Amino acid sequence: MYPEKGAKRPDPMDFGRGLTPGLGVNLLVTDVDAAARFQMEVLGAEVVYWEEQFAIMRFAGTIWQLHSDWSYRDNAFRGSVEGAEARGAGAELRLYGADPDACVERARARDAIVLAASMDKPHGLREAAIVDDDGYVWVPSAALPADA
């Protein structure tokens, strides 16, 4: 179920050059292993690559990265999370195409915080809101049928 850590490490230069234009997200997390497992088990994300301090995640063609504090030790952004209780405060991470009902069920099985159970919204999506261990709010969302 989980890929071997450190296996199939992408060449950093090739990986960076291969990113397509658009939004990129790096999440600073307290524990890369725990964050990656939460995202796999609850959200259905795939681990492209992971190691102790870093991971590349993918869902529905979208890639994001997880970084430990150590991996950001020389980055000015690190200071923005030092001492923060909930690192994800103010951010909402949306996974379009993720089944919100299944994600909520898996989150509850892990005793994760479900801020909002699945519900149909007037903007054409069924969505839920789930909090991970670092305080990031994930919103799995699926399009409602045209006749809804």
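User: How many aromatic pairs does the structure hold?

Analyst: This is a predicted model, and the structure holds two aromatic pairs. In general, such a pair is described by the distance of the ring centres and the angle of the planes.

User: At what distance and angle do the rings of Tyr49 and Phe54 lie?

Analyst: Their centres are 6.5 Å apart and their planes stand at 45°, so this pair is tilted. Tyr49 is buried, with a relative accessible area of 4%, and Phe54 also counts as buried, at 17%.

User: How are the rings of Trp64 and Trp138 placed?

Analyst: The centres of these two rings are 5.6 Å apart and the planes are at 45°, so the pair is tilted. It links distant parts of the chain, since Trp64 lies in strand β4 and Trp138 in strand β8 (residues 137-143), 74 residues apart. Trp64 is buried at 5% relative accessibility, and Trp138 is buried at 3%.

User: Which residues of the largest nonpolar core touch the most other members?

Analyst: In soluble globular proteins, nonpolar side chains tend to be buried together. Here the largest nonpolar core has 28 residues, of which Leu27, Met57, Trp64, Leu66 and Trp138 touch the most other members. The largest share, five residues, comes from α2.

User: What is Leu27 in contact with, leaving aside its neighbours within four places in sequence?

Analyst: The contacts of Leu27 beyond those neighbours include Trp64, Leu66, Leu93, Tyr136 and Trp138.

User: Where does the charged end of Lys5 sit?

Analyst: The charged end of Lys5 sits over the ring of Trp50, 4.9 Å from the ring's centre.

Notes
Residues numbered from 1 in each chain as written. Predicted model: local features only at pLDDT ≥ 70, side-chain atom pairs only at ≥ 80, totals over all residues. Heavy atoms only, no water. Core = buried A, V, L, I, M, F, W, Y, C linked by side-chain atoms within 4.5 Å. Buried < 20%, exposed > 50% of the residue type's maximum accessible area, 1.4 Å probe, protein only. Helix = DSSP H or I, 4+ residues; strand = E, 2+ residues; numbered from the N terminus. Contact = heavy atoms within 4.5 Å. Phe/Tyr/Trp six-rings, centres within 6.5 Å; stacked < 30°, edge-to-face > 60°. Lys NZ or Arg CZ within 6 Å of the ring centre and 35° of its normal.
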